[in-house]
Every structure is written in structure tokens, then in C-alpha cells.
Amino acid sequence: MVLRASGGKVEELTAQRLEHTPFNEDALQKLLAEHPELLPVREIEPAYVPLACAGREVDTRAGPIDLLFVTPTGNLVVVETKLWRNAEARRSVVAQILDYAKALARLSYREFDALVVKATGRRLADLARGICANPEEEFDEQEFVDAVTRNLRACRLLLLIVGEGIREGVEELTNLLQDSGGRRFSLALIELPLYRLEK
């Protein structure tokens with residue numbers, strides 16, 4: 001149950017499926033790109049914060065990644081957004097995000113940076129530097145480049161599937177992958193429900 005206190009009253013908010021609203025995957029991507037703090041990354045992998053958006057619909061050989069984020073320490077987060085009503089919100093979304101990870105792992109830093117520049121108009125290092133509280137003391141560009149290079153080569157990524165609801169079967173498949181030995185990536189499902197505010 002989610003409650004909202006306003007004007008001395010408390011009301012229960014009702015979760016809404018996005019098919020009953022004008023909200024769509026594009027709006028969800030835009031919201032997360034502008035407010036990456038909405039992603040509960042600290043609870044999943046604490047080393048993957050803070051986040052800077054490194055692009056929306058970032059082209060790869062496996063197709064466009066919905067959202068790509070980077071930390072000042074060179075950690076990378078791939079986000080695939082899927083709405084409950086989307087039939088791909090089932091098993092194929094897991095294969096899709098794994099395909100993106102594989103495509104990224106084949107890139108050099110220079111190739112990866114070129115994708116980010118194409119998507120944002122800014123260099124990856126500049127995006128990461130921009131979220132440091134004190135960039136002169138906290139950010140070493142060569143260390144950053146080396147960390148991103150190592151993470152790409154090892155496929156050390158945080159993969160997030162985000163939607164307003166998680167389909168049955170996707171969670172079981174994700175758990176199976178997480179329990180598999182030998183993986184270097186982390187895969188998590190994030191449910192971001194939408195609530196109706198009564199006027």
C-alpha cells in the first residue's frame with residue numbers, strides 16, 4: 001500500500017498500468033535519463049553510483065540500447081525499459097539485454113566513446129567528470145579510461161530491466177542467470193509503478 005499525505009489528509013494511491021495512461025516507454029526513458037536517482041542502484045550494486053546518462057537509444061551492433069549510464073569510476077549500466085503491455089516484457093527482454101552486453105564487450109574504449117558522442121554530443125569522460133562533487137580532486141581521466149576499458153573487456157556491467165510491472169517468467173529467468181557461475185555482469189529487474197493522484 002502506498003499512501004500520500006497532503007493538506008492534512010492521507011489517501012491511498014492506486015497503482016496504474018501504463019496502458020491506461022498516456023505514459024509510454026519513451027516517457028519512461030526520458031524520466032530516467034533526467035533523473036537516474038530514481039533507479040535503486042545503490043541497493044543493487046553500491047559501486048554503481050552516482051550515475052550520468054551516457055545516452056538514449058545508443059546504437060550497437062545488437063540494436064539500440066534504451067539507456068546507458070556511467071559512473072565517475074568507470075562503471076557502466078545498461079537499462080532496457082519495457083512496459084507491462086509490451087509482449088517483449090516476457091523472456092525476450094532478457095535475451096535482448098544480454099545481447100547488448102555482448103555487443104558492448106566487443107568494443108574498445110575509443111569505439112564506445114564514439115557511440116556516446118553520437119548519442120549525446122559529449123565525450124564519456126566529460127559526462128562522468130560532470131557528476132563529481134570536486135572534479136579536480138576526484139576525477140583522473142586516464143584512470144577512468146582504464147576502468148571503462150577493463151569493464152568492457154570483462155563484460156563487467158550492471159544490466160537493468162525496468163518497467164511499471166514485471167512479467168511472470170522474467171523474474172525466474174533472471175534469478176537463474178544470477179545464480180549461474182562464471183558471469184561478470186549483474187542483472188536486476190526494477191519495477192517502477194505509476195500511481196494515480198486524485199485531485
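Started with Glu141, which is partly exposed at a relative accessible area of 28%. My scale for this: buried is under 20% relative accessible area, exposed is over 50%, and partly exposed is in between, with a 1.4 Å probe and protein chains only.

Ground rules before going on. This is a predicted model, so I keep in mind that local features need pLDDT of at least 70 and side-chain atom pairs count only at pLDDT 80 or more, while totals for chains, interfaces and linings use all residues. Residues are numbered from 1 along each chain as its sequence is written, and side-chain values use heavy atoms, with hydrogens and water left out.

**Entry: charged pairs**

Which side chain meets Glu141 in a salt bridge? I found Arg123, at 2.1 Å from N to O. My rule for a salt bridge is a side-chain nitrogen of Lys or Arg within 4 Å of a carboxyl oxygen of Asp or Glu. This pair links distant parts of the chain: Arg123 sits in the loop between H4 and helix H5 (124-129), Glu141 in helix H7 (residues 141-154), and they are 18 residues apart.

Next I checked H5. Arg129 and Asp126 form a salt bridge at 2.8 Å, N to O. Both lie in helix H5, three residues apart, which is about one turn of the helix. Arg129 comes out partly exposed at 24% relative accessibility, and Asp126 is partly exposed at 25%. I then saw that Arg123, Asp126, Arg129 and Glu141 are linked in a network of salt bridges.

How many salt bridges does the rule give? I get nine. One of them joins Asp59 and Lys118, at 3.4 Å from N to O. Asp59 is in the loop between strand S3 (52-58) and strand S4 (65-70) and Lys118 is in helix H4 (residues 109-120), so this pair ties together parts 59 residues apart in sequence. Asp59 is partly exposed at 38%, whereas Lys118 is exposed at 64%.

**Entry: the sheet**

I traced five strands in an open sheet, in the order S3-S4-S5-S6-S7, with mixed pairing. Two strands pair here if DSSP finds at least two bridges between them. Which strands stand at the edges? They are S3 and strand S7 (186-191); each has a single partner strand, so one side of each is left without a neighbour in the sheet. Neighbouring strands are turned by 20° against each other on average, direction ignored.

Leu159 stands opposite Leu187 in S7.

Then I looked at H4, which lies across S3, S4 and strand S5 (76-81) and runs at about 80° to S3. Contact here means heavy atoms within 4.5 Å. Axes are lines fitted to C-alpha atoms, for helices over the stretch in contact, and angles run from 0 to 180 degrees between N-to-C directions.

**Entry: aromatic rings**

I searched the whole structure and got one aromatic pair. My cut-offs: rings of Phe, Tyr and Trp (its six-membered ring) pair if their centres lie within 6.5 Å, and planes under 30 degrees apart count as stacked, over 60 as edge-to-face and the rest as tilted. The Phe139 and Phe144 ring centres are 5.3 Å apart with planes at 45°, so I logged the pair as tilted. Buried or exposed, Phe144? Buried, at 2%; Phe139 is buried as well, at 10%.

Methods:
Helix = DSSP H or I, 4+ residues; strand = E, 2+ residues; numbered from the N terminus.
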